[in-house]
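Open your viewer and get ready to select. This tour goes from one stop to the next.

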Amino acid sequence: MRPLSDQPTRELAGAARMPVLGLGVWQMAAGGETEQAVEWALEAGYRHIDTASVYRNEQSVGAALRRSGLPREQVFVTTKLMPAHPSAARELAKSLERLSLDYVDLYLIHWPLPLRSARLWRQLESLQERGLARAIGVSNFGRHRLERLMPAASRMPAVDQVQFSPFHYRRRLLDYCLEQGIVFEAYSPLERGKGLQDPKIAAVAARLGRTPAQVMLRWAIQHEAVVIPKSSREERIRSNAQLFDFELADSDMRILDALDRTNASAKARG
Ligand SMILES: NC(=O)c1ccc[n+]([C@@H]2O[C@H](COP(=O)([O-])OP(=O)(O)OC[C@H]3O[C@@H](n4cnc5c(N)ncnc54)[C@H](OP(=O)(O)O)[C@@H]3O)[C@@H](O)[C@H]2O)c1
């Protein structure tokens with residue numbers, strides 16, 4: 001795979017550039033499983049790892065980063081704050097210690113807590129000013145929650161990380177984020193593995209000589225999302241990264257767009 005400098009990236013408001021492909025490490029056990037997966041990913045050319053304090057594997061991510069010998073500035077590292085904690089500064093300090101890093105590239109509020117988000121956001125702004133997080137953002141925020149944050153914010157979240165796949169095609173939130181200059185990051189882009197059996201995706205994949213996972217990830221990237229598929233298996237980690245030498249035609253994009261279940265359930269609700 002091409003090195004980071006050649007891979008597509010998205011520019012984060014006033015801060016770092018974020019590779020459009022990362023490895024997600026949710027539900028990887030701390031220790032061997034996480035270390036091995038991150039090591040395989042870095043060998044395969046990934047330069048972006050997505051963890052969180054709640055995943056309890058930051059230490060293993062840090063160990064694999066150190067062992068890789070890659071210069072710090074070549075790997076984009078995201079971690080996330082559990083919003084129940086009152087002090088973002090204390091929580092980020094603990095995450096940095098576990099990761100053995102001086103800064104993270106992106107620090108996210110993991111999910112909205114209506115009465116706390118604005119106060120936490122101001123704390124994140126100060127962490128960014130201190131250079132402890134190159135960029136700051138949120139996760140699991142819908143449009144309404146983003147709008148409610150704005151009056152309290154001196155800067156907009158650089159990123160909103162939300163569930164996004166052909167089965168969770170959140171077109172309106174995607175459009176809103178793109179309009180606002182918020183990078184839209186897709187978690188569970190493979191629908192946690194369950195979307196890969198879909199016959200329409202399988203048919204597109206077979207016609208293009210690609211895997212269903214590659215087709216789902218490519219779909220999200222062509223909708224301008226950043227993708228962070230999780231796999232603990234070397235072969236899948238490698239093949240999930242083969243995304244930059246093909247494109248889905250508009251007709252194939254529409255086939256995947258039509259799989260949206262959020263739309264279907266909205267229609268069913270009337
Ligand atoms: N911010 C949030 O609230 C939030 C929530 C959920 C997830 N996330 C982030 O997003 C990342 C990805 O989401 P996710 O872990 O929920 O799900 P995902 O990436 O959509 O799917 C992961 C599942 O797909 C399987 N898989 C991966 N590549 C495959 C392939 N090529 N062929 C067949 N199966 C494949 C994996 O199994 P194997 O490991 O066995 O390959 C795993 O069971 C997480 O790891 C995490 O970093 C964030």
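Start with Arg-192. A polar backbone atom of Arg-192 lies 3.0 Å from an oxygen atom of the ligand. Keep in mind that this is a predicted model.

Next, select Pro-189. Here a backbone N or O atom is 3.3 Å from an oxygen atom of the ligand.

Now pick Asn-240. This time look at the side chain: one of its N or O atoms sits 2.9 Å from a nitrogen atom of the ligand.

Select the ligand itself. How much of its area does the protein bury? Taken alone, the ligand exposes 900 Å², and the protein buries 87% of that.

Hide the ligand and look at the space it takes. That space is the largest pocket. The largest pocket holds about 700 Å³ of space. Its lining has 31 residues. Select those closest to the pocket centre: Trp-26, Ser-188, Arg-192, Pro-229 and Lys-230.

Last stop: the helices. Which ones each supply at least two residues of the lining? Select 212-222 for α8 and 234-239 for α9. Each supplies at least two residues of the lining of the largest pocket.

Conventions
Residues numbered from 1 in each chain as written. Predicted model: local features only at pLDDT ≥ 70, side-chain atom pairs only at ≥ 80, totals over all residues. Heavy atoms only, no water. Polar contact = N/O pair within 3.5 Å; in protein donor to acceptor, adjacent residues only side chain to side chain. Areas by Shrake-Rupley, 256 points an atom, 1.4 Å probe, with all protein chains shown as cover. 1 Å grid on protein atoms, 1.4 Å probe; cavity = no way out; pocket = protein on both sides within 12 Å on 5 of 7 lines; lining within 4 Å. Sits in = over half its atoms within 2 Å of the grid points. Points joined across faces, edges and corners; volume = space filled by probe spheres on them. Helix = DSSP H or I, 4+ residues; strand = E, 2+ residues; numbered from the N terminus.
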